[in-house]
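Subject: Structure for your review: cavities, pockets and sheets

Dear colleague,

My notes on its cavities, pockets and sheets follow it.

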Amino acid sequence: MDRLLLGIDALAFLEEEGLPVLESSLAKHVDAAVSIASRMRFPVALKISSPNVVHKTEFGGIRLPLHSESEVREAFHELADTFLSSNPQANLEGVIVQKLGKGFELIVGTMKDEQFGPVLMVGSGGIFVEAINDTSFRLIPIEGTDAREMIEELRGCKVLKNQRTMTVDLATIESFLLQTSTLAESHPEIHEMDLNPVFVSADGIAVCDARIRMG
Amino acid sequence: MSERLEKLFCPDSVAVVGASNGFDKLGYHVMKSLIQGKYGGEIFPVNPKGEIVWGLHSYPSLRDIRGTIDLAVIVVPASLVPQVLHECGQKMVKGVVLITAGFREIEDQKGGVLETEIRNIADQYALPILGPNTFGFVNPTFEINASFTSELSLLEKGGVALVSQSGGIAHLCGFLATEQRIGFSKLIGLGNRCNVDFAEVLGYLVERDKATKVIALYLEGLDRPREMVEAAKSLRGTKPIIAYKAGKGEKSDSASRFHTGSLAGNYRIWRGAFRQAGILEVSSIEELLDTAKVLDSCPPPGGPRIAVLSSQAGPGMVASDAIEKSGLKLSHFTARTQDRINSLLPPIAMRTNPVDMGPAWYSPQDILDLFEAVLEDEGTDGIIFMAMYASANENLANEIAQYVKRVDFLGKPVVACLSAPREIWNDAITGIDKRKGFAVLPTPERSVVAMGNLWRVKLIVDNGG
């Protein structure tokens with residue numbers, strides 16, 4: 001049977017496998033959200049966590065950036081209200097409190113192609129990801145040079161290399177792609193995986209959100 | 001594995017099953033190809049009527065032939081193929097070219113069933129089959145044309161092995177190549193790839209076929225593309241492999257709720273797989289042939305710095321525009337080189353790169369001196385050399401051909417674009433093309449694109465050596 005890992009569960013799985021993820025924690029009520037947020041240090045983001053919501057942005061299930069306890073409190077109530085008014089029957093697990101991601105957005109994914117088998121993708125992320133389709137693919141497993149070439153094939157790579165806009169160590173992305181390739185290779189039960197967005201900046205790389213289909 | 005193809009491509013004897021005297025039978029044309037292609041081994045026509053075929057005694061069946069048969073070319077109707085394959089197996093035939101069509105390529109499901117049946121028979125005897133549904137192959141090095149088109153015997157000998165999934169494209173490439181003086185080591189049609197696929201042929205061409213210097217692939221789609229990719233990857237750094245992929249339609253899995261799935265068109269994955277395998281992908285049939293020719297004829301450039309020398313300014317500008325798009329750079333001449341150029345050209349022309357050799361029009365020797373100055377330039381890795389015919393420079397191509405005869409093999413690649421009216425300069429161009437590191441291509445842009453690919457292949461080979 002297919003199983004879909006979303007949000008906090010997907011992030012926990014990735015973290016367990018050694019991939020860098022943004023610090024995230026599930027808060028079941030507003031006070032928990034506030035205390036988690038202050039412990040993490042501001043700014044943070046709040047995201048709805050429910051098996052009924054796959055596309056959080058489209059649903060309006062994200063609030064960011066939040067800079068204070070009162071903003072967190074307000075955002076928590078808004079999210080809970082929006083969710084319950086449109087899904088009275090649905091199950092709200094809580095709200096994810098997450099360290100605010102920053103930098104360039106990438107999408108990294110794996111899938112199983114009928115002919116090629118497991119395949120790795122990296123692309124420029126953000127809201128135009130489908131429209132721009134700035135992507136590069138390789139067969140899993142990849143090697144170091146493959147990772148480098150994948151990044152260089154992206155048109156968005158020019159932004160990553162621009163010293164004025166940011167200083168990203170491309171080697172950080174390379175090793176992240178190698179890790180993702182290894183993860184998919186060592187877990188043949190993973191059918192499809194979207195790590196989207198993945199934030200990359202001078203501080204490093206981290207998965208912000210993920211969806212994983214296993215079977 | 002690939003050694004089993006040795007006697008298929010270089011057979012000492014060939015049986016043609018379905019050989020015929022009737023022009024409307026493919027068995028007639030296969031016989032014509034073998035005989036007019038001056039095949040040096042023994043030919044056994046097999047025909048149930050037992051008549052004289054193409055002047056040769058024919059045999060009612062393979063069983064009736066005494067002596068060994070290396071290759072059987074089969075052109076009988078599809079329904080008779082299983083029986084013939086059993087006979088091949090029993091006769092210890094070493095390889096089969098199965099020209100017959102009507103297998104899994106047809107809509108009728110019976111075709112697919114029949115193909116499975118023949119694959120099983122082939123397995124039983126460990127019999128490699130090129131095809132079914134292939135035009136055959138031509139091996140100019142070994143002087144055998146085992147195809148149904150005798151005119152393909154006119155292919156020049158050379159270092160290019162072209163492996164095609166389509167017979168039509170193989171014909172197109174063969175005829176274009178004849179016009180462009182491209183030399184082949186093999187022209188192979190894989191057809192339905194019953195049990196001989198790209199992976200195995202690549203292994204054969206790289207490891208066993210000394211005549212092959214560069215491998216050009218035309219492919220549409222494969223059932224098991226990973227095998228081909230793995231094979232190419234393991235051969236990376238040996239002989240250059242270039243490919244043209246048709247069927248680029250971006251059919252992605254739009255039903256996928258995942259971004260990765262919906263972004264992944266089959267061709268996008270192919271592109272990545274080619275790069276991963278160290279195969280240089282090209283974007284047209286022309287580029288496939290141009291690149292193959294340059295790889296076969298020119299030494300690899302030591303870097304991307306290219307000089308453009310043109311007898312007329314316009315072609316030089318067009319080439320210069322194409323340089324950067326192709327991943328190359330216009331070279332900067334050293335002071336010494338620039339002095340030599342300046343001494344040969346008055347300051348009325350462009351003397352830095354691109355060099356307008358126009359003022360030297362009437363003096364082939366000055367043009368050759370300019371060429372040599374740039375060839376020896378330390379800041380230059382390769383040359384695009386262009387001369388368009390004009391009545392006043394009629395003698396130029398001959399002088400260049402004489403020069404080519406005199407010099408040693410060049411250490412740098414020179415792609416030359418020499419254009420002239422039909423019949424004029426033909427002999428001279430033949431004396432220049434593919435010699436000593438020169439390759440001649442029809443236009444400035446195509447010359448530059450091919451030079452760019454020569455550089456990219458160098459990078460691929462160096463990375464994977």
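The second largest cavity has a volume of about 50 Å³. A cavity here is a set of points, on a 1 Å grid over the protein atoms alone, where a 1.4 Å probe fits but cannot get out, and lining residues have an atom within 4 Å of a point. Grid points are joined across faces, edges and corners, and a volume is the space filled by probe spheres set on the points. This is a predicted model, in which local features need pLDDT of at least 70 and side-chain atom pairs count only at pLDDT 80 or more, while totals for chains, interfaces and linings use all residues. Residues are numbered from 1 along each chain as its sequence is written, chains are lettered from A and ligands numbered from 1 in the order in which they are written, and side-chain values use heavy atoms, with hydrogens and water left out.

The lining of this second largest cavity consists of Thr135(A), Ser136(A), Phe137(A) and Glu153(A), together with Arg268(B), Arg271(B) and Gly272(B). Strand S8 (135–139) of chain A and helix H9 (266–277) of chain B each supply at least two of the lining residues; helices (H or I, at least four residues) and strands (E, at least two) are DSSP runs, numbered from the N terminus. By type, the lining residues of the second largest cavity are one nonpolar, three polar and three charged. In this division Ala, Val, Leu, Ile, Met, Phe, Trp, Tyr, Cys and Pro count as nonpolar, Asp, Glu, Lys and Arg as charged, and the others, Gly among them, as polar.

Of the 13 residues that line the largest cavity, Lys239(B), Pro240(B), Ile241(B), Gly278(B) and Ile460(B) lie nearest its centre. Helix H16 (residues 444–464) of chain B contributes the largest share of this lining, three residues. Eight residues of the lining of the largest cavity are nonpolar, three polar and two charged.

I turn next to the pockets. A pocket is an open set of points with protein on both sides within 12 Å along at least five of seven lines. The largest pocket has a volume of about 890 Å³. Its lining comprises 32 residues, and Glu153(A), Arg275(B), Leu280(B), Glu281(B) and Arg456(B) lie nearest its centre. Two or more residues come from each of S8 and helix H6 (144–153) of chain A, and from each of H9, strand S14 (280–281) and H16 of chain B. H16(B) gives the largest share, seven residues. The lining of the largest pocket divides into nine nonpolar, nine polar and 14 charged residues.

The second largest pocket holds about 660 Å³ of space. It is lined by 25 residues, of which Thr57(A), Ile62(A), Glu105(A), Asn196(A) and Pro197(A) are the closest to its centre. Strand S9 (190–201) of chain A is among the elements that give two or more residues to this lining, and S9(A) gives the most, with four. Domain 1 (23–99) and domain 2 (104–214) of chain A each provide at least three residues of the lining; the domain bounds come from an automatic or database domain assignment. The C-alpha centres of these two domains lie 27 Å apart.

In chain A, four strands form an open antiparallel sheet in the order S2-S5-S3-S4, where two strands pair if DSSP finds at least two bridges between them. Strand S2 (24–27) and S4 of chain A are at the edges with a single partner strand each, so one side of each is left without a neighbour in the sheet. S3(A) and S4(A) are joined in the antiparallel sense over three bridges, and Leu46(A) stands opposite Arg63(A) in S4(A).

In chain B, seven strands form an open sheet of mixed pairing, in the order S9-S8-S11-S10-S12-S13-S14. Strand S9 (144–147) and S14 of chain B are the edge strands, each pairing on one side only. Strand S13 (residues 241–245) of chain B runs parallel to S14(B), joined by two bridges, and Ile242(B) stands opposite Leu280(B) in S14(B).

Yours sincerely
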